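Hi,

Here is the model I promised to pass on. Have a look at it first, and my notes follow below.

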Amino acid sequence: MKNIFLLFGLFLFSCGLAAQSLSGKITDSATGQTIPGAVVYVPQLKLGASTDIKGNYKISPLPKGTYQVEVEILGYATVTQQVTIKGEVVLNFAMVVSSASAKEVVVTALGNATNVQRSPVPVSIVTHDMLVEQSSTNVIDGIATQPGITAITTGPGVSKPEVNGLGFNRVLTLFDGVRQQDFQWGDEHGIQIDPYSVYDAEIVRGAATLQYGSDAVGGVVSFKSAPFPENGTVQGSVLAEYQTNNGLIGTSEDIAGNNNGFVWDLRISDEQAHCYSDPKDGYVWSTAFREDNARLTLGLEKQWGYSRLTFSILHRTLEIPDGNRDSATGQFKFDFPINGQIYPNRNNFLSYDPTHVGYQQVEHDVISWQNSINVGQGRILADFGYEQDHREEIDTGTIPLLNMWQFDIPYAVKYQVESNSGLKLTTGLNGFYENMHNNVEAPHPYVSVFLVPSYWLFDVGGFAILEKDYKNLTLSGGLRYDTRNETAQSLYLLNPGIAGQEVVTAGTPGAYTNFAGFTSNYSGFSGSLGASYQLPKNSYIKLNIAKSYRAPAITETGENGIHPGTANFEIGDPHLKPEAGYEADIAFGNNGKDINFEVDGFGNYIQNFIFANRTDSVAQGFPVFRFQSNTAILAGVAAYFNIHPADTKWLEIDNGFTYIYSYMLNATDSTQHVPWTPAPRLTSEVKLKLTDKHNSILKGTYIKFGLQKDWQQTNIYSADWTELPSLPFVLYNAGIGTDFVNPKTSRVICSFYINCTNLTNVAYVDHTSRPQYFLAYNGVSPVTVTQQSQGIYNMGRNIGFKLIFPIGGGHRYGEVPGVN
């Protein structure tokens with residue numbers, strides 16, 4: 001830790017060098033008039049500036065190098081252009097009028113920064129406006145309606161991303177480029193990211209093991225924090241949110257500054273909710289949660305590059321429902337009487353204290369250090385992190401039955417250079433070191449649960465990627481080799497699973513081998529070859545072929561016992577082989593003046609596909625799931641079709657569609673589909689944008705109406721009631737939003753949003769909702785759910801209210817918050 005501070009301090013006190021800058025003028029391409037309030041942004045550096053009243057901008061200081069620059073303002077199509085920064089660079093932009101949302105956006109999640117339209121791999125962009133205009137209970141739910149994207153949920157506090165039908169350990173989550181480990185091998189271990197810290201997101205919908213190694217076989221979700229303010233300014237915001245269904249109360253305060261290249265950002269957030277309600281059961285017992293987060297970033301942006309140090313402390317307490325009910329009435333019931341009380345009452349349901357019974361406590365502390373240093377014609381990017389996670393699962397009171405510590409050191413070092421001919425090379429290595437150990441056993445009479453063995457692993461992969469842009473053609477390809485060494489420790493118990501359980505040493509008479517120690521070595525190649533071509537009339541086509549690799553997770557190899565979050569007895573297999581995937585993606589799209597669309601088709605053939613198979617056995621009263629492998633095939637389509645007439649600026653219609661089919665070879669009718677394959681889904685939204693009046697205090701006012709239609713999913717893994725066919729449903733949504741503006745200065749005073757989901761209060765179950773299988777009667781062992789009505793339903797009608805007050809004078813109406 002001291003070395004990190006010492007090295008960072010050397011950067012902070014390094015000698016100032018001659019400043020690089022980017023400046024110019026932004027004009028309307030048709031009229032030639034200057035455009036005030038446009039934002040010029042360099043995503044790789046998180047730096048930008050807005051144009052003044054004469055349309056002029058200047059970003060300074062900037063590191064030397066070649067970067068993608070993005071220009072954006074409401075009412076115009078977003079423009080991107082590559083620029084080489086060396087000395088004082090002048091670059092003017094002429095913008096085309098458009099009522100559409102940002103189309104030509106820079107993406108950074110694929111290694112080299114590139115235009116989303118030129119990326120051979122399909123990439124979804126979730127903009128800042130998309131996030132703030134909606135109401136969600138966690139960061140994954142905020143992106144889960146994008147085409148090709150789904151959330152596997154365990155109540156409102158836990159969601160994990162699923163991309164093209166692959167989830168859990170097959171989708172890697174990043175925050176500002178740092179991989180989120182935080183016990184992600186667990187089914188009910190949610191992503192530990194404060195949703196208010198996320199500014200926008202990029203989602204790679206396809207194999208990305210070339211860039212990131214194992215765990216990115218399905219794709220990558222890359223969350224990003226807000227851009228740093230313009231040089232010489234201090235900016236921030238205060239956010240307050242309330243949701244009616246579960247009483248969610250959220251607050252977040254942010255303040256950031258930029259003083260001649262010294263940048264900083266401090267955010268403090270709090271979020272809490274009581275039990276949610278659905279139309280079938282009313283309030284659902286044991287679904288409250290609370291989260292607190294503090295995050296500080298300090299950085300230096302100079303001619304030689306940049307260096308940033310980020311500290312984050314996140315604490316989350318959440319209840320996990322077990323579906324315990326009265327066998328006669330179906331009413332939710334305590335697992336055992338509490339002070340003589342058998343059933344939760346209204347006060348229990350509306351309590352914001354999530355520590356009544358059956359809850360998790362998670363601490364997620366992160367230090368990350370990100371650097372970019374110019375070397376010759378290229379630059380070295382070196383990112384290091386330290387993550388400390390503590391997870392406790394408590395049945396009642398304060399004594400944890402599951403008590404685990406995990407420590408991770410993710411790292412990534414790469415070199416990027418571009419030749420005079422425009423050939424881009426990115427090469428380097430990345431991976432992580434991880435150590436997890438089970439904490440001391442709970443005191444008598446409590447019985448500790450040991451989910452997985454204590455273990456350590458070291459993961460490293462080396463790669464090289466080449467990319468070349470021609471006038472209309474982009475070619476990209478690369479190779480990677482990964483290796484992972486994992487060692488798990490043995491664990492022996494006396495009196496397992498009952499009062500008096502005791503951890504003992506090997507050779508103790510009568511000892512039960514809970515975990516047999518093992519050492520495993522995994523390795524594999526990844527590769528990718530792709531192209532995109534810009535066709536006439538704003539059309540384009542993409543093709544990418546990829547070989548992916550994934551090493552088995554510790555649950556899949558070493559688990560042996562009751563899984564508290566799923567009420568299952570799960571057994572791993574240390575002899576499982578790594579997964580090897582072969583994927584092809586093809587896309588066709590158009591970014592026209594009045595419409596934009598993209599249709600992405602994919603096929604993925606995965607050897608040694610690992611999944612938990614439910615057996616007909618029972619252990620300690622719980623159903624037994626055993627990890628095994630087979631060959632899986634997934635194929636599908638993700639598409640969007642958006643209408644935004646250039647001559648009808650008040651109207652925007654956005655549509656998305658997802659269809660995924662899965663199949664496993666040499667399987668019976670009941671075992672031939674991959675578990676958790678999402679149901680076909682259509683989303684549609686109509687946004688009506690009111691005309692801004694010159695002296696009005698309301699600007700950017702909109703009203704929107706939308707729907708989500710999920711078809712029935714019958715392609716399921718039905719053996720032993722592992723999955724049930726889902727029923728079709730339609731959800732209607734509505735929203736309204738506006739900016740309150742000072743008419744004299746055009747500065748935004750505050751932004752106000754109202755968003756209603758499930759407007760008609762439909763009783764429904766999403767196919768990838770895990771609580772639909774949670775059922776127990778009278779506090780005893782779980783009961784197999786054989787029909788949907790027995791399980792727990794999704795949330796009913798929810799109305800969210802959100803207020804955001806800018807700090808530091810506020811941004812002008814039409815500007816991008818955080819870059820002005």
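Is threonine 154 buried or exposed? Threonine 154 counts as buried, because its relative accessibility is 1% (buried is under 20% relative accessible area, exposed over 50%, partly exposed in between, with a 1.4 Å probe and protein chains only).

Before the rest, some housekeeping. This is a predicted model, where local features need pLDDT of at least 70 and side-chain atom pairs count only at pLDDT 80 or more, while totals for chains, interfaces and linings use all residues. Residues are numbered from 1 along each chain as its sequence is written, and side-chain values use heavy atoms, with hydrogens and water left out.

Leaving out residues up to four places away in sequence, threonine 154 touches Asp187, Glu188, Ile320, Arg770, Pro771 and Phe774 (contact means heavy atoms within 4.5 Å).

Threonine 287 is in the loop between β22 (282-283) and β23, and it counts as buried because its relative accessible area is 2%. The side chain of threonine 287 reaches the backbone nitrogen of tyrosine 276 at 3.1 Å. Not counting residues up to four places away in sequence, threonine 287 touches Pro156, His274, Cys275, Tyr276, Glu319 and Pro321.

Salt bridges

How many salt bridges does a search of the whole structure find? The search turns up 23, taking a salt bridge as a side-chain nitrogen of Lys or Arg within 4 Å of a carboxyl oxygen of Asp or Glu. Here are three of them.

- Aspartate 176 pairs with arginine 295, with the closest N and O atoms 3.1 Å apart. This pair links distant parts of the chain, 119 residues apart: aspartate 176 is in the loop between β14 (171-175) and β15 (178-179), and arginine 295 is in strand β23 (residues 289-302). Both aspartate 176 and arginine 295 are buried.
- Glutamate 467 pairs with lysine 424, the closest N and O atoms being 3.9 Å apart. Glutamate 467 is in strand β30 (residues 455-469) and lysine 424 in strand β29 (residues 423-438), 43 residues apart. Glutamate 467 and lysine 424 are buried, and a network of salt bridges links Arg118, Lys424, Glu467 and Asp469.
- Lysine 689 meets glutamate 652 at 3.3 Å, N to O. Lysine 689 belongs to strand β43 (residues 681-689) and glutamate 652 to strand β42 (residues 651-664), 37 residues apart. Lysine 689 is partly exposed, because its relative accessible area is 23%, whereas glutamate 652 is buried at 6%.

Cavities

There are nine cavities of 30 Å³ or more. On a 1 Å grid over the protein atoms alone, a cavity is a set of points where a 1.4 Å probe fits but cannot get out, and lining residues have an atom within 4 Å of a point. Grid points are joined across faces, edges and corners, and a volume is the space filled by probe spheres set on the points.

The largest cavity holds about 260 Å³ of space. Of its 27 lining residues, the closest to the centre are Asn169, Gln181, Gln184, Trp185 and Asp215. β14 gives the most to this lining, with three residues. The lining divides into 14 nonpolar, six polar and seven charged residues (Ala, Val, Leu, Ile, Met, Phe, Trp, Tyr, Cys and Pro count as nonpolar, Asp, Glu, Lys and Arg as charged, and the others, Gly among them, as polar).

Backbone geometry

Two cis peptide bonds to look at: serine 60 to proline 61, with omega about -5 degrees, and histidine 444 to proline 445, with omega near 10 degrees. Proline 61 is in strand β4 (residues 56-62), while proline 445 is in the loop between β29 and β30.

Phenylalanine 168 is not a glycine, yet has a positive phi of about 55 degrees; phenylalanine 168 is found in the loop between β13 and β14.

Cheers

Methods. Helices (H or I, at least four residues) and strands (E, at least two) are DSSP runs, numbered from the N terminus. On a 1 Å grid over the protein atoms alone, a cavity is a set of points where a 1.4 Å probe fits but cannot get out, and a pocket is an open set with protein on both sides within 12 Å along at least five of seven lines; lining residues have an atom within 4 Å of a point. A polar contact is a pair of N or O atoms within 3.5 Å; within protein, one must be able to donate a hydrogen and the other to accept it, and residues adjacent in sequence count only if both atoms are side-chain atoms.
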